[in-house]
Amino acid sequence: MRIFVDADACPVKLQVEQAARKYGIEVIYVVDYNHRITTDYGRVLTVDQGKDSVDLAIINQLQKGDVVITQDYGVASMALAKRAYGMNQNGLEYSPDNIDLLLMQRHESAKARRGGKRSAPIKKRTEEDDQAFLRAFSHLLSRIL
C-alpha cells in the first residue's frame, strides 16, 4: 500500500505524514513544476505543468489497495475504479455509494458558475479541521490494514 497526495493545494500534508509514519506507509506527493514542496518522510514526484498532469500521474501509478488524498472528484472516481481508496482534505472518504452524487454536484456547480452564479466564500481552515482529517484518515488506514 502507498499513499498518493494530490499535493498542489493540499492543506493536510503534515497530517498525512503523521499517520503514514505511524503505520509505516510510503507517501508520494505529486506536484507540477509550479509547486515546490519538501518532505523528510515521503518522496516528491514532480510532473510537467498541465491541466491534468498531476491527476494523470497519480492515476497511472495507483494500484489496487493504494490510497489517494485529493479534492478532485474525477481523480477519486478513477481511484475507486482501480479499487483504491480515496479521501478529501476534510476527511470525507470517497466510496461507490457517494461518488456519483459528488460528481453530479460538481457538474451542477460548474453549470451554475457558467451561468453567472457565484459560489459561497470558502471558510478558513482551522486546527479543528486538520485534527478531524487526521482522525478520519487514521481510521481509514487502520481499517485497511
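Visitor: Which hand does the crossing of H1 and H5 have?

Guide: H1 crosses H5 in a right-handed way, meaning the near helix is turned clockwise from the far one by less than a right angle. This is a predicted model, where local features need pLDDT of at least 70, side-chain atom pairs count only at pLDDT 80 or more, and totals for chains, interfaces and linings use all residues. Residues are numbered from 1 along each chain as its sequence is written, and side-chain values use heavy atoms, with hydrogens and water left out.

Visitor: What's the angle between H1 and H5, and how far apart are their axes?

Guide: Helix H1 (residues 13-23) and helix H5 (residues 127-144) pack at about 30°, axes 9 Å apart. Therefore H1 is roughly parallel to H5, a label for angles under 35 degrees. Axes here are lines fitted to C-alpha atoms, for helices over the stretch in contact, and angles run from 0 to 180 degrees between N-to-C directions. Helices are DSSP runs (H or I, at least four residues), numbered from the N terminus.

Visitor: Who makes the contact?

Guide: From H1 it's Gln15, Val16, Gln18, Ala19 and Tyr23; on the H5 side, Asp130, Phe133, Leu134, Phe137, Ser138, Leu141 and Ser142. Contact means heavy atoms within 4.5 Å. By class that's 7 nonpolar, 4 polar and 1 charged residues, with Ala, Val, Leu, Ile, Met, Phe, Trp, Tyr, Cys and Pro as nonpolar, Asp, Glu, Lys and Arg as charged, and the others, Gly among them, as polar.

Visitor: And at what angle do H3 and H4 cross?

Guide: Roughly 155°, with the axes of helix H3 (residues 73-81) and H4 coming within 10 Å. So H3 is roughly antiparallel to H4, the label for angles over 145 degrees. H3 passes H4 in a left-handed crossing.

Visitor: Pockets now. How much space is in the largest one?

Guide: About 430 Å³, where volume is the space filled by probe spheres set on grid points joined across faces, edges and corners. A pocket is an open set of points on a 1 Å grid over the protein atoms alone where a 1.4 Å probe fits, with protein on both sides within 12 Å along at least five of seven lines; lining residues have an atom within 4 Å of a point.

Visitor: Which helix gives the most to that lining?

Guide: Helix H4 (residues 99-114), with 5 residues.

Terms used: Helices (H or I, at least four residues) and strands (E, at least two) are DSSP runs, numbered from the N terminus. Angles under 35 degrees count as roughly parallel, over 145 as roughly antiparallel, 65 to 115 as roughly perpendicular and the rest as oblique.
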